[in-house]
Amino acid sequence: MLLTPAVVGVAAGAAHGEAVASGGYTAVIRRTSYGVPHVLATSVGNAAFGQAWAYAEDRFCDLADQIVKVRSERSRWFGPGPDGVNLATDFAYQSLGLVDRARDQLTRLQPEERDVLNGYVRGYNAFLAATGAARVPGWCAGQPWIAPITAVDVLAYQRNIAILASGDALLGPIATAAPPSSLDGALPVGAAVTTEGLQGLQEQRALSSNGWALGADKSQTGRGMLVGNPHFPWEGELRFWESQLTVPGNLNVYGASLGGLPGVQIGFSDKVAWTHTIAEGSRFTFYSVDLVPGSPTTYYIDGRPEAMTSKQVTIRVGQQNVTRTMWFTRYGPVLDLSAIDPAFGWSTTTAYTYRDANIDNDRLLRVWLNMARATDVAGLRASIGRDQGIPWVNTIATDSAGNAWYTDSSPTPNLSAASIAEWAAHPLGALDGSNSANAWVVQPGARSPGLIPFAQQPQLQRRDYVFNANDSHWVPNQNQFLTGFSPLQGGEGTPLSARSRQNLRLINGTGRFDLTGLGTAILSGDSLTAAELAGYVVTSCRAQGTRPVYVGGTPVDISAGCTALAGWDRLFELPSRGAVLWRETIGAVLAEHPDALTVAGPLFGVPFDPANPGRTPRGAPTNPAPLLTGLASAMLRMRAVRLPLNVQLQSVQYTVKAGQRIPVPGSTENVGIANMAQYEPFPGSSREPFMNPGTFVEGSDLTDRGYVVNYGTSFLLTLAYTSSGPSARCILTFSQSGDPASPHYADQTLLYKNKQLRDCRYSESSIASDPKLSVKTVWG
């Protein structure tokens with residue numbers, strides 16, 4: 001029997017009529033194989049209720065922990081934290097006013113937004129009430145800080161997600177900023193807390209992704225196809241979670257989401273599919289302001305003094321209250337950037353501050369809900385342009401008619417030409433904030449004053465393909481470039497990463513794709529560097545013979561390494577022998593020559609050509625010495641941890657689930673592979689214990705435990721539209737549940753070991769026929 005709205009109402013009403021009659025929420029949660037929940041409900045509010053309940057069953061602790069964080073209560077429950085990290089986040093989040101902003105947003109929600117939000121909060125809390133704090137699944141069970149959440153909590157956390165690529169990386173500088181000779185004194189926060197976020201901004205964070213949208217001309221069905229391949233953490237609060245939400249006649253969407261964000265952020269509906277990749281551009285601007293002599297909290301604007309504003313912030317540290325004064329310019333919070341350079345600290349003459357493009361982004365609740373209702377790419381584009389709420393990602397989309405579309409609609413500061421030149425010339429991208437001409441330029445059509453309007457942001461629609469792999473907007477297709485946009489959207493005419501170029505090799509290496517071919521391509525063990533250089537290295541090291549190559553004065557006979565690479569299949573598959581040696585070789589070259597993947601010289605012979613960015617730089621270098629030295633260094637690294645030079649990848653690269661080592665395919669993007677697998681020391685801000693990677697070999701990401709993986713391919717979606725609707729295969733690589741006691745804690749990870757995708761059960765008939773189907777009605 002198919003579950004229809006009538007059946008939902010009868011099932012819920014018959015068993016729990018009082019709760020429904022009193023205005024409560026109800027939903028049917030159908031879990032299929034691997035624990036994927038398909039929520040069926042009679043309204044979007046009820047669907048959100050069911051989604052939150054199902055999420056809490058799988059990942060309750062993730063959101064509970066983040067709510068404590070955005071409430072600025074970590075110091076209360078956990079003390080100052082290592083290097084004072086809890087002090088920094090508590091003071092910074094209060095300074096940013098996430099809770100106050102959320103409280104104000106709550107009064108302005110559209111009716112449907114309010115229903116979705118209230119349903120989500122009610123579902124999470126109803127699960128907690130039914131389960132009890134002592135029995136919630138996961139690492140936080142029984143903790144004294146577990147409590148019901150509120151609508152304000154969820155909105156505050158969504159705002160925290162919105163500033164992930166801006167203010168959230170500046171928490172340390174916000175918290176520690178104080179005027180010279182401040183009575184507050186220095187906040188006991190270690191430099192590492194400050195530099196971690198700043199380093200993440202400078203390196204564009206570890207978060208990355210591949211996204212392909214294929215149109216009719218690249219699809220065997222003559223309809224749209226999609227690859228959604230976000231590279232996200234396998235630990236912490238930023239793990240994706242999979243679900244389907246169905247409200248007959250209103251909504252039917254399948255895909256992945258982040259906890260605390262109702263709906264689906266990467267996924268598909270009957271006629272439209274979309275994915276996201278982290279955008280390269282700037283989500284904020286730094287400003288320096290000249291201070292009035294003798295008054296470090298007064299600054300000049302066009303020669304006239306303007307007083308900073310202040311805010312008294314009090315947090316609890318254990319049983320004590322601690323108060324600190326936070327300072328603001330017209331642009332935003334004052335920062336202490338002295339961890340980068342003492343000259344960027346708060347002195348008697350200068351202070352640094354910033355303006356955030358996402359601090360007032362209140363559209364996260366509605367933007368993905370509206371996207372899920374689009375019936376084609378044009379409708380998707382219209383909804384994104386109307387809401388302008390996607391915070392820091394590109395969008396890559398396709399539809400059943402065979403249209404492929406790309407945009408970077410991320411909120412981006414709108415600067416004048418003169419300000420752009422000043423921004424580009426400063427090592428931090430800082431503007432002279434004492435000159436009002438450097439203010440953001442206000443134009444009609446933007447979500448908030450001073451942002452670039454959606455109509456002026458990069459967009460492209462084609463019938464063959466568009467793609468992005470975290471380089472800027474300028475090469476969405478090998479044959480069509482997007483130029484003439486603000487450099488704050490990202491660079492133009494600049495080299496692509498090795499991973500982007502490998503994506504193009506994979507896309508253009510096949511004529512028309514079928515669904516199976518999409519999965520095979522994106523999970524390919526092939527890499528750009530191996531294809532271009534492995535043969536050259538073997539030839540060169542054979543010519544070297546037994547003559548030593550010197551690494552820091554140490555002679556190394558590389559002939560054994562040469563033999564190992566000669567026997568390598570040049571793939572990063574689990575049985576491959578030589579893959580580890582190659583990864584370390586490329587890593588060693590990059591340690592000495594950080595730009596070697598984008599310029600000619602150490603790795604490539606043909607230089608970058610902006611007219612041919614997908615194929616340059618390329619080819620073997622003139623001088624093999626950097627690569628042979630890299631090989632020698634790689635051999636020393638592997639010998640330091642007693643690894644055979646021809647060790648199989650599956651013996652070295654793995655993740656750990658409930659004490660079980662599970663081999664993981666893929667490699668780091670430095671080798672130029674699409675399927676990423678690596679270790680990220682800061683996969684999120686969760687207090688959940690993270691995997692121990694072991695002791696790193698100097699200069700390498702190899703440890704005495706091998707390559708421990710906690711980041712990379714996460715929710716992988718491959719989809720093809722057919723005459724009978726969407727057909728999709730996918731996998732959640734780290735599995736659905738965060739509870740080691742769950743049967744769905746490692747089941748998909750075992751599939752991923754063999755690159756085995758599974759059916760995304762979207763249709764009612766597919767759901768009903770699943771041999772593992774379980775059905776229950778929840779209410780509250």
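This is a predicted model: local features need pLDDT of at least 70, side-chain atom pairs count only at pLDDT 80 or more; totals for chains, interfaces and linings use all residues.

Biologist: Where is S667 found, and with which residues is S667 in contact, leaving aside its neighbours within four places in sequence?

Modeller: S667 is found in the loop between β24 (660–663) and β25 (677–678). Leaving aside neighbours within four places in sequence, its contacts are F572, R583, Q653, I673, N675, M676 and A677.

Biologist: How does one describe a pair of aromatic rings?

Modeller: One gives the distance between the ring centres and the angle between the ring planes. The whole structure holds 22 aromatic pairs. One of them joins W234 and Y752, whose rings are 6.1 Å apart, centre to centre, with 70° between the planes; this pair is edge-to-face.

Biologist: Which parts does the pair of W234 and Y752 tie together?

Modeller: W234 lies in the loop between β4 (225–233) and β5 (241–247), while Y752 belongs to helix α19 (residues 747–753), so the pair ties together parts that are 518 residues apart in sequence. W234 is buried, at 4% relative accessible area, and Y752 is buried too, at 1%.

Biologist: How does the pair of Y254 and F268 read by comparison?

Modeller: Y254 and F268 are stacked, with 5.4 Å from centre to centre and 25° between the planes. Y254 is in strand β6 (residues 251–257) and F268 in strand β7 (residues 266–268), so this pair ties together parts that are 14 residues apart in sequence. Y254 is buried at 0% relative accessibility, and F268 is likewise buried at 0%.

Biologist: Which residues form an aromatic cluster?

Modeller: One aromatic cluster is formed by Y25, F49, W53, F60, Y124 and F127.

Biologist: Where does a charged end sit over a ring?

Modeller: The charged end of R501 sits over the ring of F604, 5.2 Å from the ring centre. In another case, R661 lies over the face of Y654, at 3.6 Å from the centre of that ring.

Biologist: How should I read the span of helix α2?

Modeller: One compares the span with that of a straight helix. Helix α2 (residues 44–70) has 27 residues, and a straight helix of that number would span 39 Å, yet α2 spans only 26 Å between its end C-alpha atoms. The helix has a kink of about 100°, centred on R59.

Biologist: Is α2 buried or exposed?

Modeller: 27 of the 27 residues of α2 are buried, so the helix is largely enclosed by the rest of the structure.

Biologist: Which residues of the largest nonpolar core touch the most other members?

Modeller: The largest nonpolar core has 166 residues, and those that touch the most other members are F60, W212, F240, F268, W274, F286 and L380. Helix α2 gives the most to this core, with 16 residues. Apart from this core lies another, of 46 residues, among them A534, V537, V580 and V647.

Biologist: What is the general idea behind phi and the peptide bond?

Modeller: Most residues other than glycine have a negative phi, and most peptide bonds are trans. Several places in this model depart from that pattern. Just after α2, S72 takes a positive phi of about 60°. S72 lies in the loop between α2 and α3 (74–78) and is buried, with a relative accessible area of 5%. Leaving aside neighbours within four places in sequence, S72 is in contact with T89, D90, Y93, Q94 and I315.

Biologist: Where else is phi positive, in a residue that is not a glycine?

Modeller: D302 has a positive phi of about 55°; this residue is in the loop between β10 (295–301) and β11 (304–307) and is partly exposed, at 45% relative accessibility. A658 has a positive phi of about 50°. A658 lies in the loop between β23 (653–657) and β24, and its relative accessible area of 57% makes it exposed.

Biologist: Which peptide bond is cis?

Modeller: The bond from T616 to P617 is cis, with omega near -5°. P617 lies in the loop between α17 (579–592) and α18 (625–640).

Terms used. Residues are numbered from 1 along each chain as its sequence is written. Side-chain values use heavy atoms; hydrogens and water are left out. Helices (H or I, at least four residues) and strands (E, at least two) are DSSP runs, numbered from the N terminus. Contact means heavy atoms within 4.5 Å. Rings of Phe, Tyr and Trp (its six-membered ring) pair if their centres lie within 6.5 Å; planes under 30 degrees apart count as stacked, over 60 as edge-to-face and the rest as tilted. Buried means under 20% relative accessible area, exposed over 50%, partly exposed in between (1.4 Å probe, protein chains only). A charge sits over a ring if NZ of Lys or CZ of Arg is within 6 Å of the ring centre and within 35 degrees of the ring normal. The expected span of a helix is 1.5 Å times one less than its number of residues. The bend at a residue is the angle between axes fitted to the seven residues ending there and the seven starting there. A nonpolar core is a set of buried Ala, Val, Leu, Ile, Met, Phe, Trp, Tyr and Cys residues joined through side-chain atoms within 4.5 Å.
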